[in-house]
Amino acid sequence: DSMHKGVDFAIDSDFNIPPFIKADQSRLLQVLNNLVSNAVKFTHAGSVTIRSTRVSSGLPDKKIRIKMQVIDTGRGISADLQTKLFSPFVQEEESSEGTGLGLSICKELVALMGGEIGVVSKEEKGSMFWFTFTAQIACESHLGKKNLPQYDHQRKLHILVTEDSLVIQKYVNLLLKSLGHTVSIAENGQQALDVFEPGKFDLIMMDVQMPVMDGVTATLKLKEKYTNLPPIVGLSANAFEGDQEKYISLGMDDYLTKPFNREDLGKILSRVIPGVKS
């Protein structure tokens, strides 16, 4: 909702970070998505900024340490709550004060990336969540391009991505464009219904949990209204056993668990779209 209240979103990148690094993309995306989602949720005016900084060099084996900051102008967090933010026992009602959920998971993920996580905040002055991670300097020739899956780009797809997280929107948009496709964005199920037109899209990617209208409801409404729909792929951050069967039984054609990478996306496109091969 805060997106509709004029909150700006900015990315501030440090030019001292090498153009190519090797790091754990999935864990990094999970942490960033969680921190940015919380910042957007609790910021109703002003801005949310992602800032990256190279904080050390000279580590062994061409390794570097990078600091990421998610800075918002939201309501801030009380000093008392800050002391227990990253505990797995923080209750949901406490989190409504301005922390959101999943911070204990973020702490675990950051530790697995060889880093630390913390927060600096003042009530009514906004918050700055930060974390560090270790990466290895790489060059383009080391990216293993020849090992990447090869895709048949002869069939260009127009894909409707329905996703409320701005970070995931940008990430999926980047991946799909790298595969040669064009993208339209809807922020929730209702927007997807509003922009959908028969013949306009080759595929719909539908986040399961969204405000205003969730992905399952939007899928069912589309099925009620139209007889010749493109494939619908569900997106979810919850990889619970049986979810795939559950969502397919509710009308989706396939299912993808976040976070995912370019190869995962290519495989699912080849499964649901004739003529797109991985």
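Student: In which hand does α5 pass α9, left-handed or right-handed?

Tutor: In this predicted model, helix α5 passes helix α9 in a right-handed crossing. The two axes, with α5 covering residues 166–178 and α9 covering residues 262–272, come within 10 Å and cross at roughly 65°. That makes α5 roughly perpendicular to α9.

Student: Which residues make the contact?

Tutor: On the α5 side they are L175, L176 and S178, and on the α9 side R262, L265 and L269. Sorted by class, this contact of α5 with α9 has four nonpolar residues, one polar residue and one charged residue.

Student: And which strands does α9 lie across?

Tutor: Helix α9 lies across β7 (158–162), β9, β10 and β11, and its direction is at about 175° to that of β11.

Student: OK, what is the order of the strands in that open sheet?

Tutor: The open sheet has five strands in the order β8-β7-β9-β10-β11, and their pairing is parallel. From one strand to the next, the twist averages 20°.

Student: Which strands stand at the edges?

Tutor: Those are β8 (182–186) and β11 (254–257), and because each has a single partner strand, one side of each is left without a neighbour in the sheet.

Student: How many bridges are there between β9 and β10?

Tutor: Strand β9, residues 203–207, pairs with strand β10, residues 232–236, in the parallel sense over four bridges. Within this part of the sheet, M205 stands opposite V233 in β10. Helix α7, which spans residues 215–225, lies across both β9 and β10 and runs at about 145° to β9.

Student: Switching to rings now, how many aromatic pairs does the structure hold?

Tutor: There are four aromatic pairs in the structure. In one of them, F196 with Y226, the ring centres are 4.9 Å apart and the planes stand at 65°, so the pair is edge-to-face.

Student: Where in the chain are F196 and Y226?

Tutor: They are 30 residues apart, so to speak of the pair is to speak of a link between distant parts of the chain: F196 is in the loop between α6 (189–195) and β9, while Y226 is in the loop between α7 and β10.

Student: Last one: how do α1 and α4 cross?

Tutor: The axes of α1 (residues 25–41) and α4 (residues 103–112) come within 9 Å and cross at roughly 150°, and α1 passes α4 in a left-handed crossing. Residues in the contact include V31 and L35 of α1 and L109 of α4. By class, the contact of α1 with α4 has seven nonpolar, three polar and one charged residues.

Conventions. Residues numbered from 1 in each chain as written. Predicted model: local features only at pLDDT ≥ 70, side-chain atom pairs only at ≥ 80, totals over all residues. Heavy atoms only, no water. Axes fitted to C-alpha atoms, helices over the stretch in contact; angles between N-to-C directions. Helix = DSSP H or I, 4+ residues; strand = E, 2+ residues; numbered from the N terminus. Parallel < 35°, antiparallel > 145°, perpendicular 65-115°, else oblique. Left-handed = near helix turned anticlockwise from the far one by under 90°. Contact = heavy atoms within 4.5 Å. Nonpolar A, V, L, I, M, F, W, Y, C, P; charged D, E, K, R; others polar. Pairing = 2+ DSSP bridges. Phe/Tyr/Trp six-rings, centres within 6.5 Å; stacked < 30°, edge-to-face > 60°.
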